[in-house]
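This briefing is meant for someone meeting the structure for the first time. The sequence and the model come next, followed by notes grouped by topic.

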Amino acid sequence: MGNVVISTPGMPLPSEKLFRKQTLVERLRKGDEAVHLLTMAGGWSIILITGLLVHHLWVYSRIARHQFGWHFLVTSTWDPVNGLFGAWPFVYGTVVTSLLALIIAIPIGLGAAIFLAELAPRSVSNALTFLIELLAAVPSVVYGLIGIFLLIPALTAIMPTFQKFFGWIPIFSGTFYGVSYFSASVILAIMVVPFIVSISREVLLAVPIAQREAMMALGATKWEVTWRTVVPYARQGIMGSVFLALARALGETMAVTMVIGNVAQVSTSLMAPGYTIAAVIANEFTEATGDLYLHALIELGLVLFAVTMIINALARLLMLSVRTGEVVS
Amino acid sequence: MIRRLCALAILAVSSVSAQQISLTGAGSTFAYPLYSDWASQYHKLHPNVEVNYQSIGSGGGIRQLIAGTVDFGATDGPMTNQELAEAQQKRGTAILHFPTALGADVPSYNIPGVTAELKFTPQALAGIYLGHITKWNDPEIQKANPGVKLPAANIIVVHRSDGSGTTYAWVDYLSKVSPEWKSKVGVGTSVKWPVGLGGKGNEGVSGLIRRLPNSIGYVELIYSIQNHILYGDVKNSSGNYVRASLATVTAAAAGANSFMPADFRVSITNAPGAQAYPISTYTWLLIPEKLNNPQKAAALKAFLRWGLTDGQKYTTPLAYAPLPSGVVQKELQQMKKLQY
């Protein structure tokens, strides 16, 4: 720590004491203050929206919360007729499909981003990036249809052979109906790849040329420059793109419900049908009668919010540990 | 300036005299094609009345009606006593049920090599959906279809994943024919299914059936007629195997008319009658007994009367079964209860 004076917008600079105190109008007229207020309003609005969201989810789920307490999270029964509700199969399905989707999407997305940013000629890179950004704008119902008409028939065709060799592994065992955790994960992976590619590419392109030149000067190969310098430099941005992809996967509704089978059960096998939180809300909300049923569905929304927060926090912790590890080495 | 003000005043007065009346309703998606057709036909006859119907689902329709944000509701399953009491308490008015048309569920299946229209006993359908009957060549199915060679394959059961009136009718029927279903699963727009995969909407269910060999599921009669889907006959309470059609569905309503309760909240699954199709159901309009706005009230009453009488001719082209005339008579009597 040196003798540097740190100033924040709220704190007057020491030299300011010499002048008379400015009125608010004067400060606003200079522009800086106005921009400060405007941007601060933007920032606060996000907190406000999030706060209102959580507040509403909390208030309108109270009957279910009081009735089931923490058991709601660990119970597997979902029985609207008898008013028994548990979220576990949906939480499980949401987490499993999202994580599996990321496992599939990260290598593909990152590979494509590195190719587009580092290796491909600029014209090819720009054309492909345009196409990828188009993919991100395709409505999810279209991905669902692709799942039903292309992916599931293809998976159904190859699965018997696949299961002959790998069926003994619990996660690949059991009867494959086409609709499954696995099919949902593959569709989700296809949906989130464009996010990873287009953001990661931008971040990779923004890495200063000096970094590359320094590495080259040390005699590194092109791949060493990319993998040892450019990618680590852009790591934070790449992680950001993965978070965005994760958020999309966790909340995706339409495409998932079309290919997951909508069965409220927990299965070790990825080949079995399942259910996700977003899918069950979309499926049952319109016809839900009775306060307890409605509140249980809204509580699922609250749970999804919590799941998203927890996974994001864990991912950030992971990133933090990776970064400190890097510094030490 | 004064002249312009006068012109404005005249415009304002004239717009009051030819006042537009707008009725809003919400609910059943099943009945949406019918009500939107009614709305446009009625608007041609009465240009000053506009009926806006939003197909947000029966549950949503009931909620909106209780909250008082719509003038009328529409549902595929009758309101419960608790919901009626809640409406009485919040809106200060009773809610009356008026059947407007009929629908039905049909068992649709995909068995490689079988193109015949299969016959199903109630025990077979309940057994399949409870998970007791697991093979297509089970004696309960085979004995009803002596001429058909059924495979020894596992049955894949498909049901709706979204809450719907179609599911309500299907499980209501299973509850009536199977005590075990009634005690273990029960009746609702969504239930805890003992077995099976869920498809979203009729198209989701029929899509799964098409893709999965040896599967069975239930879809709306309307959907199967419009999409030429293969479906089976079901044995009714008289012991006849009946194929679902608009005529046999109306026959079920006529058969159930003898025990129609005063409030019309009736289930007509497994209804008596030689030609009655057993998995039939009404769809209802939900009309408040009192409305505060007299103009709206009069318009709503006229619209309802028109729908029950002249409007019935629009049911068949849309593949809904029309009401039997005996039921229409009872409903016109019931309309006298409306306090406007």
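This is a predicted model: local features need pLDDT of at least 70, side-chain atom pairs count only at pLDDT 80 or more; totals for chains, interfaces and linings use all residues.

In chain B, 3 strands form an open sheet with mixed pairing, in the order β5-β9-β10.

- Strand β5(B) runs parallel to strand β9 (residues 233-235) of chain B, and 2 bridges join them.
- Within this part of the sheet, B:F120 has B:V234 of β9(B) standing opposite.

**The sheet of 8 strands in chain B**

- Chain B also has an open sheet of 8 strands, again with mixed pairing, whose order is β2-β1-β3-β11-β4-β8-β6-β7.
- Because β2 (49-54) and β7 (197-199) of chain B stand at the edges and have a single partner strand each, one side of each is left without a neighbour in the sheet.
- From one strand to the next, the twist of this sheet averages 25°.
- Strand β3 (residues 72-75) of chain B and strand β11 (residues 280-288) of chain B run antiparallel and are joined by 3 bridges, and B:T75 has B:W284 in β11(B) as its bridge partner.
- Helix α2 (residues 32-45) of chain B packs on this sheet, where it touches β2, β3, β4 (95-110) and β11 of chain B, and the direction of the helix makes about 170° with that of β2(B).

**The interface of chain A and chain B**

- On the side of chain A, 28 residues are in contact with 31 residues of chain B.
- The area buried between chain A and chain B is about 2100 Å², and carbon and sulfur atoms give 54% of this area.
- Of the area that chain A buries against chain B, 30% is supplied by A:V81, A:Y177 and A:E287, which is more than any other three residues supply.
- Between chain A and chain B the count of salt bridges is 0, whereas 12 residue pairs are found in polar contact across the interface, both residues being at pLDDT 80 or more.
- The elements of chain A that each supply at least two residues of the side touching chain B are β1 (78-79), α7 (140-166), α12 (254-259), α13 (277-284) and α14 (291-328), and α13(A) gives the most, with 3 residues.
- Sorted by class, the side of chain A that touches chain B has 16 nonpolar, 9 polar and 3 charged residues.

Methods. Residues are numbered from 1 along each chain as its sequence is written. Chains are lettered from A and ligands numbered from 1 in the order in which they are written. Side-chain values use heavy atoms; hydrogens and water are left out. Two strands pair if DSSP finds at least two bridges between them. Helices (H or I, at least four residues) and strands (E, at least two) are DSSP runs, numbered from the N terminus. Contact means heavy atoms within 4.5 Å. Buried area is the accessible area (1.4 Å probe) that two parts lose on being put together, summed over both. A salt bridge is a side-chain nitrogen of Lys or Arg within 4 Å of a carboxyl oxygen of Asp or Glu. A polar contact is a pair of N or O atoms within 3.5 Å; within protein, one must be able to donate a hydrogen and the other to accept it, and residues adjacent in sequence count only if both atoms are side-chain atoms. Ala, Val, Leu, Ile, Met, Phe, Trp, Tyr, Cys and Pro count as nonpolar, Asp, Glu, Lys and Arg as charged, and the others, Gly among them, as polar. Axes are lines fitted to C-alpha atoms, for helices over the stretch in contact, and angles run from 0 to 180 degrees between N-to-C directions.
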